Amino acid sequence: MASSSKMEATGKDDEEELERFDDFTLASSWERFISEIEAVCRLWLADGPKNLLEKGAVHLGFSRDLYKVKFELKYLMKSYCMEYYFETTSAGKVTDWNFSMHDLQLSFGVKEFLVIAPQSASGVVLDAPEASKLLSAIAIALSNCSSLWPAFVPVHDPSRKAYIGIQNMGTVFTRRFEADRIGSQVPVKLMHLEGLYELFVSKFAFTTLDVSTHLFKVHFTMKLTYRTLPYDDDDNDVDIQGADADITESGGTPSGDTRNKAQWDDDCPWSEWYSAEDPIKGFELIALWSEKMVENSLEMAELENASPHEAEKWIVFPNLSSHLVDDLRENTMGFSSQLHLLVNALDMSFEAQFMEDFVSVEKSGSDNLKSSMVIPPPTVLDRVLKDLFHDGVESPDLTKAEHKSSRAIKGAPLGSLFAQFCLHSLWFGNCNIRAIASLWIEFVREVRWCWEESQPLPHMAASGVIDLSTCLINQKLKMLICIEKKRQLSEDYQDSIESKVSTPIEMQEDILIQEDSSHMRTPTEDFDGKRDSPLTANGLSNSGATVSRFSTEPEDAVVCADQKPSDGIRRGSAGVVGNMMLLNSHQNLHAPFTQDAPLMTEDMHEERLQAVEAFGDSFSFSAQLEKDILSSDMSAFKAANPDSVFEDFIRWHSPGDWVDDDIKESGVSRSHAAEGSKDDWPPRGRLSERMSEHGNSWRKLWKDAPALPASEQKPLLDPNREGEKVLHYLETLRPHQLLEQMVCTAFRASADTLNQTNFGGLKQMTTKIGQLYLTMASTLKPLQSNRLFGDSEIIEDVRRLCVVFEHVEKLLTLAASLYRKFLQAPRLREAIFSDYYNFYLPKMGTGSVGGDVHKEFDSKQQVRFHERQVLANMFTPPTANQSWRKVLSMGNLLNGHEPILREIIFSTWDRVSGNHYAASTSRGYEQEIETYRMYICGTSNDLQVALSVASCD
């Protein structure tokens with residue numbers, strides 16, 4: 001009995017266990033599908049936004065803090081993808097016009113939501129029963145896990161952007177969603193605000209009522225988007241661009257001759273060389289009306305006639321050209337693109353010994369070089385040479401456009417002849433090595449013609465100083481200018497001598513008195529600075545006063561009042577030197593006019609230094625090198641002081657070598673002791689040990705030097721010989737040495753040209769330009785030494801410099817365009833540029849403009865009331881050609897422009913108690929809910945409507 005009872009008890013336990021067993025094999029596939037959705041939703045709910053981010057949630061680029069995760073599901077034979085969209089900041093109310101919202105957030109006023117869609121080509125559910133079943137499954141799953149997420153299913157054709165959706169609101173209420181779109185033939189009634197208002201009211205009003213005659217309190221807000229029209233005559237633009245392309249292909253410069261209308265950058269400094277595409281294609285203006293209560297359709301009709309100036313907010317958004325965002329270098333034209341081609345020419349310049357080898361058919365190398373690098377026709381070459389040599393331009397002010405760091409780049413200054421040549425080369429024959437070679441050969445021929453015909457070189461400053469901080473070619477051209485000037489003065493001097501021979505003595509005396517003041521530099525009252533100048537390292541110093549080596553007229557021979565009748569004639573005096581007296585005669589010491597020191601370029605200085613190092617004794621050798629200058633100064637001093645001795649010359653020329661005996665006793669300064677006085681004569685002192693040595697070279701030169709004023713002396717250099725040396729250098733210059741100097745000069749001249757742009761003093765732009773100059777100086781330094789022997793690493797560095805230059809050039813064109821468009825709104829200009837600068841900054845300095853090509857520039861700026869008129873003026877009334885295909889039908893016009901997009905949100909709010917929603921609710925439930933909401937977006941040809949309805953069914 002016991003055993004039977006035990007078995008009976010055991011049987012009952014097994015039966016209870018079988019009753020608690022869930023047999024999922026008996027569940028339907030739809031139930032398993034719901035269960036799988038529920039499991040995924042529970043997992044996402046448990047993780048929360050922070051853990052989902054750690055697990056790889058995908059950020060949506062158009063929004064700052066919107067992310068999504070997804071999960072793939074299978075039901076029957078179909079695959080579905082369920083996506084959960086969430087924000088990292090869950091607090092706060094959904095804003096109606098947040099510009100970074102997802103389409104479903106904007107359409108239905110939700111924050112986080114689910115979307116389930118089939119994994120098919122269309123991505124939508126085309127079968128209505130399937131869509132309803134799918135939505136029911138996800139609604140049951142969300143209800144089981146107590147989630148309040150709204151869920152959506154895309155339906156119909158993808159172009160309609162149609163959705164159905166549902167949301168459990170946590171009470172007895174459920175919100176249902178529906179969205180659809182009309183892509184064409186919008187009813188006329190729905191083109192106007194009045195008709196749209198009645199459409200919304202019809203969703204909750206009794207069908208028997210006349211909506212237009214009854215009052216329905218509706219919340220209303222509106223957003224209108226306007227867009228400036230593009231430039232007119234688009235066909236003409238195409239023709240102009242085509243003409244520019246043809247000229248560039250053939251080697252010409254896209255100058256203003258080919259333009260049939262004004263360009264936006266005609267007054268920009270780069271317009272002489274190219275016309276840049278306006279980086280700002282237009283502006284989008286967003287006018288926002290704040291939420292207000294509307295009671296009938298008549299109020300909506302009045303709102304349609306309202307001006308956009310009545311809107312509460314204006315927001316502006318620039319439409320930028322594609323090349324500002326994407327890497328489209330091949331489609332852009334500017335200094336940077338041509339500089340890149342010039343660097344390619346530098347890389348090829350090592351293939352030949354002379355520039356003529358690139359032009360010659362027999363020596364130009366491969367057939368590929370001949371075919372791909374075309375030399376422009378002679379007409380284009382003649383036009384460039386005419387611009388360089390024959391247009392009669394005045395001497396430029398070479399320091400006007402220079403940046404403070406420009407001189408750190410060893411190139412020719414902007415506006416100089418060689419700088420103009422380099423800039424023309426950038427556009428000549430698309431800057432290939434053969435075109436550059438042909439242009440250089442003709443350039444040198446023109447320089448030689450100017451020399452042989454005694455014509456001044458154009459585009460060169462008139463000052464007689466060679467700037468050693470510039471490139472060697474510019475120094476040589478400057479030397480040619482100075483030599484030509486001296487040669488002209490020499491010819492004028494010879495002509496005056498010949499004319500003087502045939503002039504009566506009485507007339508000569510009058511002419512001499514006039515000529516004395518015309519060609520001599522007026523001496524200063526105090527020549528102490530000249531007399532007391534210290535010795536240079538090699539024992540020499542410049543003489544006290546200087547005069548041009550070839551004065552325009554012969555110097556006057558003057559008999560001074562303080563000299564005796566037996567004294568010689570004083571010639572070439574520049575004036576009395578303080579109170580200094582001659583040692584052997586009671587006469588004032590006169591400073592002479594002396595010849596200028598010989599002009600030398602950088603390579604000539606280097607030759608002298610190398611010679612000094614080779615001979616070892618720097619002092620004696622330098623004295624030998626400078627003996628012609630020293631002898632000339634001595635001759636001029638003798639002519640100005642006929643009774644002078646060697647010690648007098650030393651006291652004036654090298655006061656450091658004259659030791660005054662009274663200095664040690666009285667402590668008087670050397671400069672004061674050297675002046676002396678007329679009563680204290682003769683001056684006391686002696687030569688220094690260096691000058692007192694036996695066989696001193698200075699004393700020997702003094703003995704041999706004749707008494708001749710500077711105007712009668714032999715020139716220190718032969719103008720013809722030195723000029724031919726310069727021309728020989730230009731004619732035999734190696735290709736790589738020419739291209740190295742061209743690259744440095746082209747970068748400097750291009751940057752200096754851009755530096756003249758007026759961009760309103762934007763701080764970021766000013767800083768970036770300064771950084772560009774420093775980068776150019778450091779990168780181009782190896783090229784400035786003229787010792788680049790095909791180093792590919794250095795050439796690659798210069799290519800990267802072209803990319804950096806391109807970045808700055810893009811920013812500068814944008815800054816210039818903004819400056820012209822926002823002259824009366826500087827705050828707005830600075831804000832837009834700052835937004836783009838921060839957007840573009842990550843792409844700079846990376847070696848390419850690529851970066852994140854999928855990221856779009858979408859920064860918007862709010863327009864203040866005093867700035868609205870500046871924006872309104874950009875919307876010029878459309879011409880007949882621009883508006884022929886448009887029929888104005890939407891209202892709210894801005895200077896004749898209707899909005900390109902109109903967005904409206906209608907809504908109604910009701911309290912639960914006291915109305916038909918309260919049937920199933922408790923008496924204490926007083927919450928106000930949004931019962932109806934309609935989002936409308938579209939134009940006269942396109943209308944999208946999204947409706948959400950809250951109900952207790």
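**Group meeting: a walk through the fold**

Some ground rules. This is a predicted model, so local features need pLDDT of at least 70 and side-chain atom pairs count only at pLDDT 80 or more, while totals for chains, interfaces and linings use all residues. Residues are numbered from 1 along each chain as its sequence is written, and side-chain values use heavy atoms, with hydrogens and water left out.

The overall picture, then. The chain has 32 helices and 20 strands; these are DSSP runs, H or I of at least four residues for helices and E of at least two for strands, numbered from the N terminus. Of its 953 residues, 49% are buried. Buried means under 20% relative accessible area, exposed means over 50%, and partly exposed is in between, with a 1.4 Å probe and protein chains only. Take the contacts with a separation of 6 or more: 74% of them join residues 24 or more positions apart. A contact, by the way, is heavy atoms within 4.5 Å.

As for Phe906, if you skip its neighbours within four places in sequence, its contacts include Leu196, Phe200, Phe220, Met300, Tyr932 and Ile936.

Back to H4, residues 128-144. Its end C-alpha atoms are 24 Å apart, and the 17 residues should span 24 Å at 1.5 Å a residue, so the two agree; the expected span is 1.5 Å times one less than the number of residues. Glu130, Ala131, Leu134, Leu135, Ala137, Ile138, Ala141 and Leu142 are the buried ones in H4. Down the axis, those buried residues fall within an arc of 155°, so they line one face of the helix; the arc is taken over the directions from the helix axis to the C-beta atoms. Ala128 and Pro129, on the other side, are exposed. Covering the buried residues are, among others, helix H2 (29-54) and strand S3 (78-87). And at the N-terminal end of H4 there's a cap: a side-chain oxygen of Asp127 lies 3.3 Å from the backbone nitrogen of Glu130. That's a polar contact, meaning N or O atoms within 3.5 Å, where within protein one must be able to donate a hydrogen and the other to accept it, and residues adjacent in sequence count only if both atoms are side-chain atoms.

Now H19, residues 627-640. Eleven of its 14 residues are buried, so the rest of the structure largely encloses it. Its cover includes strand S13 (573-581) and helix H24 (697-704). Asp633 lies in this helix, and it's buried at 3% relative accessible area. Asp633 and Phe593 are 40 residues apart in sequence but 8.5 Å apart in space, C-alpha to C-alpha.

Arg748 is in helix H26 (residues 735-755), with a relative accessible area of 1%. A polar atom of its side chain lies 2.8 Å from the backbone oxygen of Gly411. Beyond residues up to four places away, Arg748 touches Glu402, Ser406, Arg407, Ile409, Gly411, Ala412 and Pro413.

Last topic, cysteines. A disulfide is a covalent bond between the sulfur atoms of two cysteines. How many disulfides do we get with a sulfur pair cut-off of within 2.5 Å? The count comes to zero. Cys422 is in none, and the nearest cysteine sulfur, in Cys471, is 7.0 Å away. For Cys431 the closest cysteine sulfur is that of Cys422 at 9.5 Å, too far for a bond. Cys422 is buried at 1%, and Cys431 is buried at 2%.

That's what I've got.

Terms used: Disulfide = S-S within 2.5 Å.
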